[in-house]
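Please look over the sequence and the model before reading the points below.

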Amino acid sequence: MPTPRLSRYHCHRRRVRDEEPDHVPAARERPLPGWPGSREIHLWQLAIDSANDDMACCPLDAGEIARAERFAFRRDRSRYIAAHVWLRRILGSYLELPAERIALSYGTHGKPRLAAAISDGRSPLWFNLSHSGDHALLAVASDREIGVDIEVLRVGIAEPQLMKSVLSAAEQQALATLPRRDVDAGFLRCWARKEAVLKALGCGLNLEPSELTVGPRVGRVWIVGPGAVSVEVACIDGLAGCVAAVAAVGGFARTVCRDLPPAGERA
Ligand SMILES: CC(C)(COP(=O)(O)OP(=O)(O)OC[C@H]1O[C@@H](n2cnc3c(N)ncnc32)[C@H](O)[C@@H]1OP(=O)(O)O)[C@@H](O)C(=O)NCCC(=O)NCCS
């Protein structure tokens, strides 16, 4: 969710548990990535709370460094750098390349992807990154466009005006049936699913969010986007203090949560 719109809301973190049974089962596996299987999405929860914003030995490219330098607040800059260092390290571990050799290119609406030459004849990797506060999530797939969104749980986020502006009429009705205490989480689930779809399509918020109906449930749903492109979306369970969703053009079979190396091994 774009930060400017949300920054004025009070943030509150609490543990969330998916209440519905048909969420995406996320198998836990360690270590080393291996190539994602067909219709499989690897999920990496990234540690971006480190305060390190020293760019001296940083693997970021000129565009990323320029972007990092534009952040007004040091904390945002640190989080951006940490997320992009992890992005490069993880993509590098799949491709067996050092982080600084990862070359990125950008779609019409700014969606980053691996520059084509890097894939070396293998099926290219697709990825998508999302961050919210200290949390970031990276999704990686081998054979399809994907989108991911993570949102820190916030109390009081589901303001009527915000809901009206970004939710479809059907979603507003669905949220109106929830008990008051569940509305914030329901709204953020709905938003995360919506943004994951918009990011899988690559259009981001250039497509009016209220034109999509993804609903506040955690289970899988197929959405037909512009140009009759089919996208499957579902919530990701088990992320303490956050809600998250992943979407794939043409659908996906399963998600696999990958673990970062232990702190001592993070070169
Ligand atoms: C994509 C978008 C919905 C992300 O919103 P956000 O609330 O900042 O959310 P997230 O943290 O979940 O995602 C940000 C990440 O998504 C990726 N991203 C950027 N644009 C994207 C797009 N169009 N589609 C998919 N992913 C995109 C980037 O990796 C970005 O991370 P970075 O800023 O560290 O590089 C929003 O930025 C958007 O609508 N962008 C399009 C803007 C545009 O049209 N720009 C013109 C061309 S540059």
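**Helix, sheet and ligand shell**

Helix α6 lies across strands β7, β8, β9 and β10 and runs at about 150° to β7. Angles here run from 0 to 180 degrees between N-to-C directions, with axes fitted as lines to C-alpha atoms, for helices over the stretch in contact. Two residues are in contact if their C-beta atoms, placed from the backbone, lie within 7 Å. This is a predicted model, in which local features need pLDDT of at least 70, side-chain atom pairs count only at pLDDT 80 or more, and totals for chains, interfaces and linings use all residues. Residues are numbered from 1 along each chain as its sequence is written.

**The sheet**
- Four strands form an open sheet in the order β7-β10-β9-β8, with antiparallel pairing.
- Its edge strands, β7 and β8 (221–224), each pair on one side only; strands pair if DSSP finds at least two bridges between them.
- From one strand to the next, the twist averages 25°.
- Strands β9 (residues 230–236) and β10 (residues 242–249) are joined by six bridges in the antiparallel sense, and Val231 has Val249 in β10 as its bridge partner.

**The chain**
- The chain has six helices and 11 strands, which are DSSP runs (helices H or I, at least four residues; strands E, at least two) numbered from the N terminus.

**The ligand**
- The ligand is surrounded by 21 residues, counted if the C-beta atom, placed from the backbone, lies within 6 Å of it.
- The closest are Gly110, Lys111, Ser130, Gly204 and Leu205.
- Strand β5 gives the largest share of this shell, four residues.
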